[in-house]
Amino acid sequence: MIDKLQNNSFLFEELVKRDFKKKYKRTVLGMAWSILSPLLTLFVMKMVFTNFFGRNMPHYTIYLFCGNLIFSYFNESTSQGMLSLASNASIFTKVNIPKYLFLLSKNVQTSINFGLTLCVFCLFCIFDHIAFTWKILLLVYPIVLLLLFNIGVGLILSALFVFFKDIQYLWSVFTMLLMYMSAIFYTIDSYSDVIQNLFLLNPVYLFIQYFRMIVIESVVPPDYIHLLMLADVIIVLRLGCWMYKKFNHMFLYYV
C-alpha cells in the first residue's frame with residue numbers, strides 16, 4: 001500500500017486539494033466553517049443541556065466539547081468516506097489506480113479540520129483553567145486509532161454504498177442513534193454497572209471517554225480501554241480491506 005501511495009503521490013495530493021476546494025466552494029467564510037460548525041453545535045448543546053445535565057458538573061463545557069469533537073470527526077469522516085467511491089467513478093473506471101486513494105483523501109481533509117478544531121479545544125481548556133500535564137501526550141494514541149477507525153469504517157461503507165444506495169439513509173439514522181448513545185451531553189454514573197459496561201461496546205464512546213479522562217480528570221485510562229480501542233480498529237480495518245480486495249473488480253460494474 002505504501003508503495004502504491006508513493007507511486008500515486010501526485011494524484012493523491014490533487015485529490016486532497018480538490019476535496020478542500022469543493023467543500024468550501026462559493027462559501028464566504030471558507031475553511032473558517034471547519035471551526036465554526038463544531039463551535040456552533042457546542043454552543044447550542046450547552047444552551048440546551050446545561051440546566052439538565054451540567055448544572056453541578058465541573059468543566060461541563062469541556063465535557064461537551066470532548067464529545068462533540070470526537071463524534072463530529074467520526075461522523076464527517078465516515079459520511080464523506082461512504083461516498084468516496086461512487087463520487088469518483090468517472091476516474092477509476094477509466095484509469096487503473098488504487099481505489100482507496102479516494103477514501104484516504106477524504107480522511108486527510110477531515111483530519112485537517114479535526115486538527116484545527118483540536119487547537120480551539122485546547123484554548124477552551126486554558127480558558128476553563130484546566131492544567132495540562134505530560135499525560136496530554138497520550139492523546140496521540142486515541143487520535144491515531146480514531147483516524148484508522150474512520151478509515152476502516154469508511155472502507156466498509158464506501159464498498160456497501162456501491163451496491164446498496166440505501167446505506168446512506170440507514171447510516172444517517174444510525175449515527176443519530178449513536179450520538180445519543182455516546183454520552184456526549186450526559187454522564188453514565190447513574191446507570192447500573194451492567195449498563196455502564198454496555199457503553200464500552202460503543203467504539204465512539206471509548207474515544208470520547210479516553211479524551212475526557214486525560215484532559216478533565218488527568219488520569220491514564222485503564223488497560224482494558226486501550227485494548228478495546230485497538231481491537232475495534234483492527235476489526236474494522238481488516239473487514240474494510242477484505243471487502244475492497246474481494247469486490248475490487250465488481251466496483252467497476254455497479255458504479
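Residues are numbered from 1 along each chain as its sequence is written. In this predicted model, local features need pLDDT of at least 70, side-chain atom pairs count only at pLDDT 80 or more, and totals for chains, interfaces and linings use all residues, while side-chain values use heavy atoms, without hydrogens and water.

S84 sits in the loop that separates α4 (60–82) from α5 (89–92); helices are DSSP runs of H or I of at least four residues, numbered from the N terminus. The relative accessible area of S84 is 0%, so S84 counts as buried (under 20%, 1.4 Å probe, protein chains only). Leaving aside residues up to four places away in sequence, S84 touches F102, L103, K106 and S158 (heavy atoms within 4.5 Å).

Helix α6 (residues 100–127) has 28 residues and spans 41 Å between its first and last C-alpha, close to the expected 40 Å (1.5 Å times one less than the number of residues).

I188, D189, Y205, Q209 and E217 are the closest to its centre among its 19 lining residues. Lining residues have an atom within 4 Å of a point. α10 (203–215) is one of the helices that supply at least two lining residues, and α10 gives the most, with four.

| Class in the pocket lining | Residues |
|---|---|
| Nonpolar | twelve residues |
| Polar | four residues |

Methods. Buried < 20%, exposed > 50% of the residue type's maximum accessible area, 1.4 Å probe, protein only. 1 Å grid on protein atoms, 1.4 Å probe; cavity = no way out; pocket = protein on both sides within 12 Å on 5 of 7 lines; lining within 4 Å. Nonpolar A, V, L, I, M, F, W, Y, C, P; charged D, E, K, R; others polar.
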